[in-house]
Each structure stands twice: as C-alpha cells, then as structure tokens.
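Subject: Structure for you to look at

Hello,

Here is the structure I said I would pass on. Please open it alongside this email; my notes follow below.

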Amino acid sequence: MRALDRKLLRDIRRLWAQSLAIAAVLAGGVLVMVMSYGAQRSLSQTRDAYYERARFAHVWSEAARAPQTLVPEIAAIPGVAEVEARISEFAVLDIPGLEAPGLAQIVSIPESGAPRLNRLILREGRLPVPGHGDEVVVNEAFALAHDYHPGDGFSVTLNGQKRALTITGIVLSPEFIYSVPPGGMMPDDLHFGVMWMPEATLAAAFNLSGAFNSVSLALTRGANLEQVKDRLETLLKPYGGTGPYDRKAQTSNAFLDGELKQWDMMVKVLPPIFLAITAFLVNMVLGRLIALEREQIGLLKALGYGGLEIAWHYMKLALGIGAIGVVLGWVGGYWASIGIAKVYGDFFHFPYLVFLQRPSIYALSASIGLSAALLGAGFAVRRVVTLSPAVAMAPPAPTRFRRGLLDRVAALLRPRQTTMMILRSIGRWPLRAAMTTLGISMSAAMIVAGLFMIDSFDELLDVAFVQVNRQDAVITFAAPRLETVLDDVENLPGVMAAEGGFSAPARLYHGPRSRTIAIEGRRDGARLARVFDGERRVEVPPGDGIVLEARLARHLDARVGDVIEVEFLQRDSTRHKVVVTGTVQTFFGLGAYMGQDRLAALMQGAPQVLLANVMIDESRQGELFEAIKNAPGIARITLMENVRKSFDATMAESANISVAIFSIVASVIAVGVVYNSARIQLSERARELASLRILGFTRGEVSYILLGELFLLVAAAIPLGLWLGHGMAAGMVASFDSDLYSIPLLITRETYIRAALVVAAASAGSALIVRRRIDRMDLVSVMKTRE
Amino acid sequence: MATRVFHTEGITKVYHTGAVEVHALRGVNAELFMGEFTVLLGASGSGKSTLLNILGGLDRATSGRAWFRDMELTAMNERALTRYRRDHVGFVFQFYNLVPSLTARENVALVTEVAKNPMRPEEALERVGLDHRLDHFPAELSGGEQQRVAIARAIAKRPEVLLCDEPTGALDSNTGVQVLDALDRINREMGTTTVIITHNAGIRKMAHRVIRFADGNIAGVSVNERRIGAREIEW
C-alpha cells in the first residue's frame with residue numbers, strides 16, 4: 001500500500017466520529033432513494049403487470065337497468081376492444097360473531113365461466129359452478145380478516161331475501177387491489193367484502209334478468225378515451241346511467257395513484273436535502289483538514305507530488321466517507337423496503353407484489369451519493385492544487401478580521417469580549433454560518449413535515465366525524481324511496497332520529513370546463529349530516545342555488561355568484577342554469593349541494609331519499625342490526641364508528657411509521673451538522689480556547705464561546721426550520737390533493753414545539769460531546785504547537 | 001529575607017508517551033521570591049517548562065508538593081486551579097496566543113472583564129507602549145507588537161506572578177529587546193514577580209536570580225549582584 005493511502009486510512013480512522021456523522025446524513029439520502037425508488041417502481045411495475053395480465057378495464061359505468069341488447073351497441077363504439085356487462089349490487093352481510101352487519105359488494109360472474117375483463121385470480125378453491133346459486137368466491141382480504149376458507153359459509157341479504165352462501169374460492173381482483181367500502185377511505189376488511197356469484201343468481205335476486213347495471217370496457221391501443229366515454233354515456237343515459245369514468249376515477253386505482261404520487265414527491269424532495277447537506281459537511285470537514293495539513297501538502301509538493309495527485313488523495317477521503325454512507329444507506333434502505341413491502345401486503349392486494357430490490361436502484365443511489373461527497377470535496381480541494389509549496393510550508397497568516405457594521409452595533413450594546421468573539425466569527429464566515437443554519441433548519445422542517453400529518457388527520461377526523469357527520473349510522477336503501485320512508489326508519493328499533501339523504505349524478509358545466517359529480521339534496525335544518533365550511537366552521541345553506549366543494553369550484557373556475565349549468569346523467573340532456581351560492585370545504589370527494597326541493601324540481605319528480613342518517617340508541621343496537629339484516633329494501637348500514645375506527649387504525653399505523661422515520665432522519669441531520677460544526681470550530685479555535693483557559697477562564701466560559709455560536713445558529717435555525725416545515729407541509733398537502741380526498745393543512749403548536757425540541761436536543765447532545773473534548777483539552781501541548 | 005512566593009518539595013513529573021517513560025522532573029526543590037525577576041535557563045527537555053507549567057497551574061506533578069504562598073497547588077482540583085490562574089497568574093507564551101477576532105484592546109478586555117481588580121485595558125497597553133495600536137486586530141500587528149499585547153493582557157489583572165515561556169523565542173533581536181524591556185519595566189514599576197524561561201543566556205544578566213536546569217533537576221542557582229537593562233543585552 002502506498003504511503004499516501006496509509007495516511008488516508010489513518011485519517012478516516014482519526015476522524016471517525018465526524019466521518020460517521022457525515023456518512024449518516026448521506027445514508028439518510030441513500031436510504032430514502034432506495035426505499036422510495038424501490039417502492040415506487042415496485043408498486044407501478046407490479047400494478048402495470050397485474051393490470052395487463054388481469055385485463056383491467058379502461059372505462060366503467062353503472063346504470064339502473066340496461067338491457068343486454070345494448071351490449072353490441074356498446075361494443076360497436078370505435079375504440080372499444082371488449083365489453084363486459086354485469087350485475088353489481090350491495091348487500092347486507094350477516095356474519096356470525098360480528099354484531100354490526102357487514103357490507104358486501106356482489107359482482108356477477110358470466111354464465112360462460114370466468115370474467116374476461118377484470119379477471120379474478122384464484123388463491124384458493126374454485127369459482128362457483130353456474131347454476132349453483134349458493135356458491136360464492138370472496139376477496140382475499142375479507143377472507144383473511146375472517147379466516148374464511150373454501151367450504152365456510154355466511155348469510156347475506158340479497159334484495160331483502162336472506163340466503164346462506166358457501167365459499168368455493170378466495171380470489172384477487174384488479175378492481176379491488178385497495179378495497180374500501182363505498183364512501184370510505186380506508187380498508188375495513190372485517191365489515192366490507194367483495195364477492196362474485198353466478199350471474200343468473202344475481203339477476204333473479206335483483207330482478208335484472210336480461211339486463212345489466214354495470215359495464216366495463218377494454219379499449220384498443222390509441223382509442224380516444226373521452227369519445228368512448230361520451231358515446232357510452234349517451235347509450236346508457238335512457239337506462240339510468242350514472243356517468244362513465246376511467247381508471248383515474250376508479251377507486252382502487254386512484255388510491256394506488258395517490259400512493260405513487262407520494263413516493264414520487266418523497267424521492268424528489270428528501271434526497272436532495274440530504275445530499276446538499278452531505279456536500280456541505282464534506283466541504284467543511286475537508287476544508288479544515290486541508291488547512292491543518294497545509295505544511296504536509298507543501299512538503300508533499302516539495303517532494304515532487306503533483307497538485308492533482310494530492311487533490312485526489314483528499315478526494316479519496318471524501319469517497320471513503322461517501323462509501324460508508326452509501327453502505328449504511330443501502331442497509332437501511334433494504335430494511336425500510338422490507339417494512340414497506342409488509343405494509344403494502346396489508347394495504348394492497350396484489351397477486352405477486354414482490355418488493356423489487358433492483359441492483360440499478362442501488363447503483364444509482366450509490367453514484368448520486370458519492371457524487372454529492374465528491375462535489376463537496378471538490379470545492380475544498382481546489383485550493384490544494386493551486387497552493388505553492390513555499391507558501392504552504394510557511395505558517396498561514398492570522399485570520400484577518402475587519403471592523404464592520406457589527407462593531408458599530410456592538411459598540412452600542414457593549415457585549416462581553418467572549419460574545420464579541422462569537423459575533424465576529426459569524427461575521428467573518430457568513431456563508432458557513434448561513435449553511436450551518438440552513439442545514440439545521442432542514443432538520444426542523446423535516447420533523448414538522450413528518451408530524452403535521454397527524455395534526456391534519458386529527459383535524460380531518462374532527463371535521464368529518466364530529467362537526468359534519470354527527471349521525472351514528474347511515475342506512476342505505478336498495479332503491480330511491482319517497483321521503484315518507486323516513487317514518488318507517490324512525491320506527492325501527494333503537495332509531496332515535498332519522499334524516500334523509502339523496503344524491504344524483506350530474507355533470508356541471510362552467511364555460512369550457514365540466515365535471516361529473518354527484519349533487520346532494522339538502523333539507524334546511526338537517527342536523528345529522530351537515531354541509532360545513534371547514535375553515536370558518538359555519539354551515540352554508542344552498543338556498544335556491546348550488547354550493548360547491550372548494551376544489552370542485554376551482555376545477556370549474558366558478559365563484560360565488562357565477563351561474564353554472566347542471567345536466568342530470570339519469571335524465572335527458574337538458575342543462576339547467578343554477579347560481580353558485582357558496583363554497584364549502586370537505587375533505588372527501590368532490591361534492592355539490594342543492595336544496596332538496598329545488599333538486600327534485602329540476603329532476604322533475606317528487607323529493608326522494610337514497611339513504612337515512614340515523615341516531616341510534618346504543619343499548620338497542622343489536623335489535624336494530626337484526627331488523628336491518630332482515631329488512632327488505634335496506635341495502636346496507638354503515639356505522640360511523642367503524643368508519644372512524646378503520647380510519648384511525650390505518651392512519652395511526654402509517655403515521656407512526658412516517659413520524660418515526662422523519663424524526664430519526666431529521667435528528668441525524670441535526671447531529672451531523674451540529675457535531676461537525678462544533679468539531680471544526682473546536683479544531684480552529686483550540687489555541688484560542690486553550691489560551692483563555694490559561695488566562696483563568698472556566699470550562700463553562702470557554703464552552704460558551706465555542707457552543708454559543710452554535711446555539712445562536714440553532715436558535716436562528718429553529719424558527720427558520722419551522723417556517724420551511726410549514727412550506728413543505730403545504731407542498732405535501734397540495735400534492736395529496738385529489739378528487740377522492742384532500743388533507744387540511746393544520747400544524748398545531750405542539751408539533752412546532754416538538755420539532756424545536758428534537759432539534760434542540762440533537763444539537764445539545766452533539767454539543768455536549770464536543771464540550772467533553774474541551775474539558776479534556778491538554779492546555780500545555782495546545783499552546784506549544786504552532787498553528 | 002525576601003518572602004517566598006513559590007516553593008516546591010521533591011517535585012517529579014513523568015510523562016508516559018507510548019511505551020516510553022520520560023522523567024521531565026526528578027525531585028525538584030525550588031524557591032522563588034516576591035518581586036524578583038527570575039530567569040530559568042537550560043537545554044530543551046531539561047524540565048524548566050514543566051516546572052513553570054506546574055507552578056502556573058497548567059500541569060500536575062506526578063509526586064512531590066508545590067505551594068504558591070501558603071496555597072498548596074499540588075492539592076488543588078481542576079476548578080481551584082482555574083480559579084488560581086484567573087486570580088493570581090499571568091502567562092506569556094512564545095506564540096502570543098491572541099484571539100484573532102478581537103482587537104488589541106479587546107484581547108486585554110477579555111481578561112479585565114473577569115478579573116477582580118484589573119487596570120483599564122488602555123492602561124495595560126500603554127505600559128507596553130502600544131497605546132497607539134488599541135483598535136488593531138492581531139493580523140494587523142507585528143510579532144513584537146502581538147507579544148506586547150499578550151504581555152498587556154497578562155498584566156492587566158495585576159497578577160502577583162508573571163510566567164513567561166520563551167517570550168522572545170519567535171522574535172528578532174530588536175523586537176525581542178522591546179518585549180524584554182516591557183517585562184522589566186512591569187517588574188520594576190508594579191513589583192510583579194516575574195519568571196522567564198529562555199534559551200538566550202544573555203538574558204540572564206537582567207535577572208535577580210538565575211536557575212539553571214539540567215536533566216530534570218536544578219543544576220545551580222545564582223543571584224546577580226548587578227542587573228543590566230534589556231537594551232544592554234548582547235543578543
């Protein structure tokens with residue numbers, strides 16, 4: 001081994017603590033890259049492959065009842081490759097041991113055998129045999145939640161008729177990779193199952209013989225999606241079509257998209273922060289090392305080593321630190337990936353989600369990580385190349401300080417000289433102080449960005465389940481009913497109050513913009529489900545006009561007072577002019593609200609209800625559930641408590657993971673920056689501090705000079721970081737924004753305080769380590785060495 | 001009989017550097033007296049700096065005892081030694097050790113701010129002939145001027161003893177004489193007990209008392225009947 005390389009190894013060993021602190025920051029960046037790229041690519045590639053293999057449809061539409069004779073017409077739409085007409089209905093589940101009734105979405109399997117689109121993948125057992133009306137296959141998540149296997153059974157109320165079913169198989173469907181109950185956001189596999197039954201059975205149960213109420217289309221390559229949707233809508237309109245939608249609005253796929261978007265954002269935002277800080281730290285540490293080894297550099301040059309040769313020596317040191325960081329990041333990334341794969345296993349139901357540990361991701365992260373280290377080194381090493389040996393071997397001139405603005409300010413304040421030293425040092429190296437501050441503030445920002453999600457979800461839950469939705473449960477009818485049905489609902493055992501709910505699919509037009517949504521009918525004075533302005537916390541009655549969800553209003557570019565046009569999808573294509581009377585902020589879906597009577601008038605019918613929001617007497621809940629399981633005309637009951645619980649559980653799990661990850665990586669950054677800054681300050685100021693100790697300054701007083709500067713920077717960094725964190729959180733909220741849901745931007749004071757405390761603690765911890773070195777400083781030998 | 005400021009009994013100091021034991025002091029018994037200007041002479045490694053550091057509270061003896069007046073230095077803990085340095089001792093080193101980010105005046109103020117009965121920084125600098133360079137940073141001063149700032153900083157708290165380890169070691173003869181002159185005047189005017197380590201035998205003629213070191217022990221003590229001024233030294 002060459003002598004210079006030996007020096008290199010010894011340097012790394014000598015600087016191990018600083019090297020490790022830098023390597024840890026770099027490792028954070030590599031970890032996030034490996035994890036995010038890995039998650040993103042695995043998820044998108046697995047999804048694409050699965051969609052391909054299972055022939056996942058491109059367009060869907062529901063209808064009230066469309067004749068089978070319509071199918072050839074749909075197939076004739078240019079661009080349509082395949083049509084599958086089917087029956088899709090909801091039914092109340094009666095599961096032994098489960099008090100609250102569950103909900104099943106039941107989809108028909110063609111009599112010819114298996115579905116051709118959205119193919120099922122059998123995990124266990126077999127598909128039902130046509131003609132066997134009591135056979136059913138269920139989705140795997142539901143089966144796992146109940147430990148169901150082929151041969152097990154349960155009861156279901158199909159259109160008011162209770163039937164005992166036998167499970168013949170467990171399946172996966174590309175339509176339910178992420179399976180959420182209608183109206184929900186989070187999986188609730190205990191109470192929500194998807195099942196497939198032979199078409200004849202369902203047709204008989206729901207009076208749909210020779211008809212269908214759901215259709216999915218596969219398109220040819222290059223087909224015009226919008227045109228296909230338009231044609232399909234026209235064809236289905238007379239049969240109560242609710243408006244075609246494509247993959248973007250397909251619930252399961254939309255959630256996967258959201259997940260991919262999050263990873264995409266993570267991979268764009270986080271690694272650059274880590275890498276920039278790594279480059280800065282490498283630059284700082286190497287710059288100091290080169291300053292200390294100035295004479296050695298001069299000597300090497302005098303001995304005949306070239307400038308580039310010596311520069312390469314120091315670059316190798318940076319590479320060494322980089323390599324440690326990359327390996328640490330790889331190991332961390334590998335474990336994090338496995339953790340994510342496990343979480344995905346719980347959330348997403350793929351037949352073969354393999355978390356891809358792609359060598360290319362590891363190679364890419366390594367080359368980016370090492371580049372960051374080299375970049376930082378490059379700036380520090382530039383000086384080595386140009387330094388002349390004669391100059392290098394002479395002692396460096398003392399650092400020049402000048403009197404500046406600071407001194408004029410200081411003259412007024414008359415600080416102690418030790419304070420003056422701190423201020424002058426910051427004034428002398430403003431860039432370094434600024435970078436240190438920025439680095440530390442990034443760590444505070446990351447914690448805020450990690451923690452705020454808990455605040456925001458709390459807010460979301462509060463608005464969704466306390467302020468807006470105050471009902472205990474939602475009872476959904478199998479078909480629209482007149483409002484008088486609410487009297488019957490109130491007569492059900494345990495129901496204390498009932499209010500109706502109605503909604504109609506419609507397309508809203510405003511100028512060139514349009515959007516298909518559902519308009520909800522409202523009765524003034526409804527107390528159980530309210531339309532609520534999330535920000536100002538007041539109710540917004542629609543009056544004679546229409547109230548739009550804020551994101552919908554943005555989509556339509558409509559403001560209060562504007563006139564928009566409404567076309568009901570289940571009626572003719574008349575466009576009704578309606579004035580926008582308000583906007584509200586809800587976090588789920590894109591909604592619009594009108595007065596119930598006004599809505600009924602526009603739809604030319606009597607006011608109807610599709611569901612009842614009810615208050616329940618908890619002590620009679622069991623009776624109510626029994627009544628509902630046997631009540632014809634009631635499709636399902638959704639307990640808000642269950643919705644909230646599944647929401648809470650899911651959120652708690654993923655929020656805890658991300659909060660932990662964010663806090664740890666943020667602390668790593670804080671420690672990396674503060675520790676290295678303090679070590680370098682200590683190295684630069686060792687003589688100064690030792691002379692003060694000799695002059696009789698106590699350890700505390702001397703530490704004040706060294707750590708005072710850092711604490712000043714940390715004190716500046718924390719508010720800056722909290723502000724940056726707010727910005728990051730706002731960016732995240734904006735990126736989460738989708739048609740399915742949005743997240744409120746809310747950061748509590750506790751979150752800010754927690755972020756500040758974590759950064760302060762990490763800083764204080766690293767400062768204490770350095771403080772111990774001050775305490776152990778050998779005064780005599782420090783004074784005897786020439787700087 | 002002059003009052004003793006320092007005295008030691010059987011001071012030894014052993015440094016362990018790797019496997020090697022270096023006996024820097026081998027049982028030194030020394031006495032230094034109030035108001036005297038003492039010069040410690042000797043070759044490198046003869047132990048003079050080690051003794052000075054122990055007397056100044058910078059280092060600890062391996063065995064033996066040392067007193068400042070009636071305070072036993074060898075019995076003090078770290079905190080007490082810091083206190084001792086702060087209240088009683090002024091140091092001057094070969095490499096000035098000024099704080100580069102503070103001006104001459106501020107470097108002195110560094111000490112006067114924590115001392116019990118200091119002189120004004122301006123007065124201290126005037127005593128070393130630098131009253132015209134008050135607001136200059138170390139980088140703007142010559143070596144001799146920097147060393148004189150260091151002396152001003154050392155005396156500004158009116159220490160009882162001034163310990164100087166090769167104060168002229170890094171200076172040429174002209175500036176060296178200026179520095180020694182400043183030390184001599186302070187010794188005369190303020191009566192500060194002054195101990196100087198030097199390789200330069202010519203300086204011994206300035207001293208009241210000269211202590212010669214060899215091999216970690218005192219080889220001889222002599223008292224000058226007649227002292228010469230700094231400017232008369234043959235460099």
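Which residue is the bridge partner of B:F6 in strand 3 of chain B? The partner is B:L32.

Some background before the rest. The model is predicted, so local features need pLDDT of at least 70 and side-chain atom pairs count only at pLDDT 80 or more, while totals for chains, interfaces and linings use all residues. Residues are numbered from 1 along each chain as its sequence is written, and chains are lettered from A and ligands numbered from 1 in the order in which they are written.

Strand 1 and its partners

Strands here are DSSP runs of E with at least two residues, and helices are runs of H or I with at least four, both numbered from the N terminus. Two strands count as paired if DSSP finds at least two bridges between them. Strand 1 (residues 4-17) of chain B runs antiparallel to strand 3 (residues 31-33) of chain B, with 3 bridges joining them. Strand 1 of chain B also pairs with strand 5 (residues 63-68) of chain B, antiparallel over 5 bridges; there the bridge partner of B:F6 is B:F68. With strand 2 (residues 20-28) of chain B, strand 1 of chain B has 7 bridges, again in the antiparallel sense. These two strands form a hairpin with 2 residues between them, and B:G18 in the turn has a positive phi of about 65°. B:T17 stands opposite B:V20 of strand 2 of chain B.

The open sheet

Chain B also has an open sheet of 6 strands in the order 7-8-9-4-10-11, with mixed pairing. Strand 7 (89-92) and strand 11 (217-223) of chain B are at the edges with a single partner strand each, so one side of each has no neighbour in the sheet. The twist averages 20° from one strand to the next; angles run from 0 to 180 degrees between N-to-C directions, and axes are lines fitted to C-alpha atoms, for helices over the stretch in contact. Strand 10 (residues 209-214) and strand 11 of chain B pair antiparallel over 6 bridges, and B:V210 has B:S222 as its bridge partner in strand 11 of chain B.

Where the chains touch

Residues are in contact if their C-beta atoms, placed from the backbone, lie within 7 Å. The contact takes 24 residues from chain A and 24 residues from chain B. On the chain B side, helix 2 (78-88) and helix 3 (104-112) each supply at least two residues.

Regards

Notes
Contact = placed C-beta atoms within 7 Å.
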